[in-house]
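Student: I have a new structure to study and I would like to understand it step by step. Could we go through it with questions?

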Amino acid sequence: MKRRRHKKRTSLMYKNTEYHSELEILILKQIEKTQRKTKISYETERLPYTLRRYYVPDFVCRRADGTTFYIEVKGYLRPSDRTKLLAVKEAFPEIDLKLVFAKDNKLNSKSKTRYTEWAMKSGFDYAVGNVPKGWFKNKNGNTIPSVFD
């Protein structure tokens with residue numbers, strides 16, 4: 001049995017505009033009655049907002065040359081994980097965040113896009129199954145000994 005996630009909104013008409021509730025129409029009428037010189041529009045602007053959250057990467061890797069990169073390990077890449085990773089990248093454009101996937105699965109059963117394709121398109125370095133030794137090279141190209149050798 002399918003579950004309906006969202007109740008279907010009913011729309012109400014007032015002055016050739018659809019509103020979501022009778023309360024909205026009631027408030028509009030109050031505003032129109034008392035503020036006749038005020039221009040009023042309904043749901044005509046979109047305002048972006050940000051919720052303050054914290055991201056804790058799985059591994060913080062500090063190279064001998066002082067540079068830092070992060071590794072996030074993913075078995076299953078949920079939509080919420082993708083959203084979070086993109087938000088972190090947007091908040092910290094300079095971050096060196098690398099992804100290691102257990103397998104190169106499809107994003108979901110109906111998608112043709114695989115984890116690695118999403119990562120590449122989204123600008124993340126990635127690997128499947130193992131951490132590449134090249135990730136540990138410093139600016140001079142020298143490999144720094146690590147626990148992954």
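This is a predicted model: local features need pLDDT of at least 70, side-chain atom pairs count only at pLDDT 80 or more; totals for chains, interfaces and linings use all residues.

Student: What kind of pair do the rings of F69 and F136 form?

Tutor: The structure holds five aromatic pairs. For F69 and F136, the ring centres are 5.3 Å apart and the planes meet at 70 degrees. Rings of Phe, Tyr and Trp (its six-membered ring) pair if their centres lie within 6.5 Å; planes under 30 degrees apart count as stacked, over 60 as edge-to-face and the rest as tilted. The pair is therefore edge-to-face.

Student: How many residues apart in sequence are the parts that this pair ties together?

Tutor: F69 lies in strand β4 (residues 68-74), whereas F136 lies in the segment after β6. Helices (H or I, at least four residues) and strands (E, at least two) are DSSP runs, numbered from the N terminus. The pair therefore ties together parts whose distance in sequence is 67 residues.

Student: Which residues do ring pairs link into a cluster?

Tutor: Here we stay with aromatic rings. Ring pairs join three tyrosines into a cluster, and these are Y14, Y19 and Y42.

Student: Let me step back: what pattern does the protein chain follow along the sequence?

Tutor: The protein chain has three helices and six strands. Read along the sequence, they follow the pattern β-β-α-β-β-α-β-α-β.

Student: Which residues of helix α3 are buried?

Tutor: Helix α3 covers residues 115-122. On the face turned away from its buried side, α3 carries the exposed residues M120 and K121. The buried residues of α3 are Y115, T116, W118, A119 and S122.

Student: Which elements do the buried residues of α3 pack against?

Tutor: Packing is judged by contact, which means heavy atoms within 4.5 Å. By that rule, the partners of the buried residues of α3 are α2 (79-91), β5 (97-101) and β6 (125-128).

Student: How far apart are the closest N and O atoms of R63 and D96?

Tutor: Side chains of opposite charge can pair when their charged atoms come close. A salt bridge is a side-chain nitrogen of Lys or Arg within 4 Å of a carboxyl oxygen of Asp or Glu, and by this rule the count comes to seven. R63 forms one with D96, and the distance between their closest N and O atoms is 3.8 Å.

Student: Where do R63 and D96 lie?

Tutor: The two residues sit in two loops, so their pair ties together parts that are 33 residues apart in sequence. R63 lies in the loop between β3 and β4, and D96 in the loop between α2 and β5.

Student: Which residues do salt bridges that share partners join into one network with D96?

Tutor: D96 also forms a salt bridge with K98, the closest N and O atoms being 3.0 Å apart. At 4% relative accessibility, K98 counts as buried. Through shared partners, D96 is joined into one network with R63, K98 and D125.

Student: Is N16 buried or exposed?

Tutor: N16 sits in the loop between β1 (12-14) and β2 (17-19). Its phi is positive, near 60 degrees, although N16 is a residue other than glycine. With 77% relative accessibility, N16 counts as exposed.

Student: What phi does E43 have?

Tutor: E43 lies in the loop between α1 and β3, and at a relative accessible area of 55% it is exposed. E43 is not a glycine, yet its phi is positive, at about 50 degrees.

Definitions and conventions:
Residues are numbered from 1 along each chain as its sequence is written. Side-chain values use heavy atoms; hydrogens and water are left out. Buried means under 20% relative accessible area, exposed over 50%, partly exposed in between (1.4 Å probe, protein chains only).
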